[in-house]
Amino acid sequence: MFDLFGSFKKIPLPFFNSFDIYLDFGTTNTKIAVKDKGVVLNEPSFLGFNTKTREYIFFGHEAKNIVGKTPEFIKITQPIVNSVISDFDAEVSLIKNFFEKAINVYLKKYQLVKTNFRAISTVPYSTTEIEKKAVEEVLFKMGFSDVFLIDKPIANAAGANINVFSHHPNLIVDLGGGLVEAAITSGGGVVNEKNIKSAGENMNHLIANYVYLKHGIILGENTCELIKINLLNFTNSEKIITVRGKSLETGLPKSIRLKSSEIKESLTVNFSQIIDIIKELIEISPPEVVDDIYDQGIILCGGLANIPGIEKYFASELKIDVIKTKSPAETTVVGLLSLGKNFENITRLSLPKM
Ligand SMILES: Nc1ncnc2c1ncn2[C@@H]1O[C@H](COP(=O)(O)OP(=O)(O)OP(=O)(O)O)[C@@H](O)[C@H]1O
Ligand SMILES: [Mg+2]
């Protein structure tokens, strides 16, 4: 087992000493927070594996930055797919690296004192028991003495400053990299949920396909993501950027100019699918819940909620007020942090141990 927290003899204190770490295992980005310190890491959930030496050599930003540029023997992998762990060993290596970067600095004062290291993590509401177990096992393998799993929609609601125990229903939509999860929360639980796996990363692929078919150019994944972030908006502002890819015709580099309206067009179907699951969620909900949702409005979080004007677009499609959280991509982990201010919240909300 990776001995993150040290194994030498420790002095027990007369009072209960604990160190709490909050984790959001996102498909695209891992977010880690520490009690009283805030968010200490937000890095791509990417690794580079050297197939010759059979070890992971690149982690986080450095792995994501070289997607599409590596020699044959270095494979870039993502251990989280659609918000669940798909490669256990890779995930342990990634988290170990992230802890060395962002957590070890806080551990010095705990080296001699007996401490209860607690991990609090989220899982999508749709996660299976086996997938939940995988999250628990990764964290126990890291050396945590206790692991608490919280439904992601509940953490998101807390991150949106909602009192999650109140019986006023809220509809919150997490627009992430690998999963769009729309959920109605109330009274500390999830009332209903709908999700779709076509999220931010799928949009990068749709942009690649569109540019390939319309302009005859092959673009890399990172370029497509930059195009999405720089051009996509629902504010009708027409931005133009020049990008370079590989020409299908000649195999040589070729530059083209891309417009915001083209990127929006390439993603129309994906956004319609997202709107549809929200409509379905409202349709299957009891009338009292729907009434409250129409009063309160819908809350958007997750990285895609950063798209300028997205809340106005959703509001016009759904005919309900829509707002987004202050820091959309970090709402989940910020929600865990805020719940953890009173640890009783975590014990009340945590899912049964696997
Ligand atoms: N300004 C922006 N415009 C468009 N897309 C954006 C913007 N900012 C971030 N994104 C996208 O948001 C996605 C990442 O969001 P986030 O960090 O919430 O995902 P995640 O938590 O890793 O994934 P998931 O929760 O689905 O497992 C990426 O696809 C990224 O390209
Ligand atoms: Mg997420």
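1. Three strands make up an open, antiparallel sheet, in the order β14-β15-β16. Strands here are DSSP runs of E with at least two residues, helices are runs of H or I with at least four, and both are numbered from the N terminus. Two strands count as paired if DSSP finds at least two bridges between them. At the edges of the sheet stand β14 (217-218) and β16 (253-259), each of which pairs on one side only. In general, strands of a sheet pair through backbone hydrogen bonds, either parallel or antiparallel.

2. The model is a predicted one: local features need pLDDT of at least 70, side-chain atom pairs count only at pLDDT 80 or more, and totals for chains, interfaces and linings use all residues. Residues are numbered from 1 along each chain as its sequence is written, while chains are lettered from A and ligands numbered from 1 in the order in which they are written.

3. The pairing of β14 can be described in detail. Two bridges link β14 to the antiparallel strand β15 (residues 240-247). I218 has K246 in β15 as its bridge partner.

4. The shell around ligand 1 holds 23 residues, of which G26, T27, G176, G200 and G303 come nearest. A residue is near a molecule if its C-beta atom, placed from the backbone, lies within 6 Å of it. The largest share, three residues, comes from α7.

5. By residue class, the shell around ligand 1 comprises seven nonpolar, twelve polar and four charged residues. Ala, Val, Leu, Ile, Met, Phe, Trp, Tyr, Cys and Pro count as nonpolar, Asp, Glu, Lys and Arg as charged, and the others, Gly among them, as polar.

6. R54 is found in the loop between β4 (47-50) and β5 (55-59). R54 counts as exposed because it has 7 C-beta neighbours inside 10 Å; the cut-off for exposed is 12 or fewer other C-beta atoms within 10 Å, for buried 20 or more, and partly exposed lies in between, with C-beta atoms placed from the backbone. S272 lies 218 residues from R54 along the chain, and their C-alpha atoms are separated by 43 Å.

7. The chain contains twelve helices and 18 strands. Of its 354 residues, 43% count as buried. Its C-alpha atoms fill a box of roughly 70 × 60 × 30 Å, taken along the principal axes.
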